[in-house]
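Please look at the sequence and the model first.

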Amino acid sequence: MKIGFIGAGKMAGAIMNGMISSQILKPNEIAVYDINQEVCSNYQTRGFHVCQTISELVSNCEFLVLSVKPQNFSDIMAEVKPNAKSENVFVTIMAGISAEAIKAAVGFDAKVIRIMPNTPLLVGYGSIALSRVEPASIEDFNFIKEVFSSAGKVEEISPDMMNEVIPLNGSSPAYIYLFAKIFVDRAVKLGFDADVANRLFCNSLIGCAKMMMETGKSHQELIDMVTSKGGTTYKGLEALSRNHFEQALTECFDDTIKRAYELGK
């Protein structure tokens with residue numbers, strides 16, 4: 001089989017769904033291993049090749065997608081190592097786990113492609129950062145790039161920036177959802193219907209994204225387009241400044257990266 005997924009959670013599922021819908025591969029060309037038997041049964045019903053052990057999957061697949069929590073890295077790699085070979089390409093979506101850690105775990109100079117996806121892949125519009133680590137080839141990388149392009153928008157970045165990219169696209173949805181939750185909850189307290197408030201905010205987010213991507217204007221120019229001196233937005237921005245909004249977000253960004261390095265140790 002061309003590719004196997006060690007861990008078949010929601011993120012892996014979104015990637016596999018993209019591959020099938022875009023006809024990159026057929027279900028019977030994809031292997032799946034997960035400790036959750038119900039998940040495995042569902043994939044087996046859909047025609048995927050379900051493996052009973054990690055060893056079975058590693059023995060039968062060229063590309064190995066490591067889609068488990070970083071905290072489980074050591075345990076998983078102990079099962080991967082006995083059957084790993086130089087032809088394998090290790091594709092990891094585990095935050096903070098470096099290519100060097102994977103090479104050390106298998107005991108040879110393995111081919112590694114690091115991926116940082118995000119949860120909007122579940123609705124077909126995620127943001128995905130990818131990097132190639134030699135000896136992974138351009139051909140290896142292009143195949144994985146095609147696979148992930150079927151689920152969202154991909155950007156190739158330098159391997160040494162894979163931890164630094166996490167707050168930009170891996171973790172950023174959580175921070176955006178918190179922003180939305182605070183505003184929508186506040187609107188509901190003032191008497192708005194929750195669904196109406198959520199739609200208003202979400203459509204604003206979609207529009208803001210398009211403005212940032214399509215107008216060519218800087219972030220500050222876009223802020224200035226909304227803000228009039230002494231107006232409502234101006235007062236709101238004053239409140240954010242007074243409460244150290246920029247400092248809080250900067251620390252949020254930096255602490256996310258710091259934790260990625262901690263997970264990789």
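How many cavities of 30 Å³ or more does a search of the whole structure find?

## Basis

This is a predicted model, in which local features need pLDDT of at least 70, side-chain atom pairs count only at pLDDT 80 or more, and totals for chains, interfaces and linings use all residues. Residues are numbered from 1 along each chain as its sequence is written, and side-chain values use heavy atoms, with hydrogens and water left out.

## The cavity

The search finds 1 cavity of 30 Å³ or more. A cavity is a set of points, on a 1 Å grid over the protein atoms alone, where a 1.4 Å probe fits but cannot get out; lining residues have an atom within 4 Å of a point. The volume of the largest cavity, about 30 Å³, is the space filled by probe spheres set on the points.

Among the residues lining the largest cavity are M94, R114, M162 and N163. The lining divides into 6 nonpolar, 2 polar and 1 charged residues.

## Aromatic rings

There are 5 aromatic pairs in the structure (rings of Phe, Tyr and Trp, the last by its six-membered ring, with centres within 6.5 Å; planes over 60 degrees apart count as edge-to-face). One of them joins Y43 and F48 edge-to-face, at 5.1 Å centre to centre and 90 degrees between the planes.

Elsewhere, ring pairs link F179, F183 and F201 into a cluster.

Conventions:
Phe/Tyr/Trp six-rings, centres within 6.5 Å; stacked < 30°, edge-to-face > 60°. 1 Å grid on protein atoms, 1.4 Å probe; cavity = no way out; pocket = protein on both sides within 12 Å on 5 of 7 lines; lining within 4 Å. Nonpolar A, V, L, I, M, F, W, Y, C, P; charged D, E, K, R; others polar.
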